[in-house]
Amino acid sequence: MANHPTGTVRTLSRTDPDGDGRAPEGNLRGLQGVLWDMDGTIVDTEPYWIRAEKDLVESYGGSWTTEQATALVGQALEYSAGRLQEAGVALGIRAIIEHLTERVAADVRAAVPWRPGARELLAALREEGIPCAMVTMSETLLATAVASRLPEGTFQHLVTGDRVSAGKPDPEAYQLGFDLLAADHPGLSKDRVVAVEDSLPGVTSALAAGLVTLAVPHFVPLPPDGRRTDWDTLAGHTPADLAALLPTRTGADAGTGTGHDAGHADLREGGGAAHE
């Protein structure tokens, strides 16, 4: 969100089967890491957000339709809070964001709405020693509530939206996620790292950061884009399937990779944290 130079980062315990910290290679075509969106990708929290928005608006005597709520999917939380103010909520932007986040986090702690195949794929990546980081525009409270329900070491880092100066679709959050993994694993290259997303702001951010991008659309359909791969579901997919998304390296490209800054300057419209 605005006025903070970097993302909130929580470093978690990690598995390093080789003990040298280097980016993994091996039989997965050089898959080195996976960056995960949360809302709509790992967990299906949109119904929780919609219910929280509706209850808040109605508590101030207003009305909130499913269509209004759907229009906010993937939008910055500041933008969403502004729309709730227009619907009659007499609270400040920050107060609205905190209320919604606390409500959704409480719902998640009561019952985690896992997306099909997400936990299984995360577990398989951990077994293969492929490092993962969460890159979400939800705030730390909610991201931690979800991460804490997964096995220790599932994520090496949590990058959250409450301290990102420009949210998705800006590439800042994914750039930060990549940089954190790269600091842990020398030799990490963007053309060997896959970002998994469900929303248009999310895939735009990942592509702008120069990452191999997988879209698993859920709540809102995505327009076609030949720069990414689309799957209907994560269910039944394996780390080898993610590795198959990596571009084939030939000649000089085989030893260079994309570096830390590829794509960082593109597609910088929009900003702020979102529930995605």
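Predicted model: local features only at pLDDT ≥ 70, side-chain atom pairs only at ≥ 80, totals over all residues.
Strand β2 runs parallel to β3, and 3 bridges join the two. On the β5 side (residues 193–197), β2 again pairs in the parallel sense, here over 4 bridges. In β3, valine 34 is partnered by cysteine 132, and in β5 by valine 194. The residues of β2 (33–36) point in two directions: Gly33 and Leu35 one way, Val34 and Trp36 the other. All of them are buried.

Trp36 is among the residues that touch the most other members of the largest nonpolar core, together with Leu31, Ile42, Phe155 and Leu242. That core counts 54 residues. Leu35, by contrast, belongs to a second, separate core of 19 residues, which also includes Phe178, Leu180 and Ala209.

Phe178 and Leu180 bring the account to helix α7, where both are listed among the buried residues. The helix spans residues 172–184. Of its 13 residues, 11 are buried, so α7 is largely enclosed by the rest of the structure. The buried set holds Glu172, Gln175 and Asp184 as well as residues such as Ala173, Tyr174, Leu176 and Leu181. From its first C-alpha to its last, α7 reaches 19 Å, close to the 18 Å expected at 1.5 Å a residue.

The loop between β4 and α7 is also worth a look, as it contains proline 169. Most peptide bonds are trans. The bond joining lysine 168 and proline 169, however, is cis, with an omega of about 20°.

Finally, a word on confidence. The pLDDT averages 85 over the chain, and 80% of the residues score at least 70. Residues 1–9 have a pLDDT below 50, and beyond near neighbours in sequence this stretch has 38 contacts in the model. Residues 11–18 also have a pLDDT below 50, with 15 contacts in the model beyond near neighbours in sequence.

Methods. Residues numbered from 1 in each chain as written. Heavy atoms only, no water. Core = buried A, V, L, I, M, F, W, Y, C linked by side-chain atoms within 4.5 Å. Buried < 20%, exposed > 50% of the residue type's maximum accessible area, 1.4 Å probe, protein only. Pairing = 2+ DSSP bridges. Expected span 1.5 Å × (residues − 1). pLDDT = per-residue confidence, 0-100. Contact = heavy atoms within 4.5 Å.
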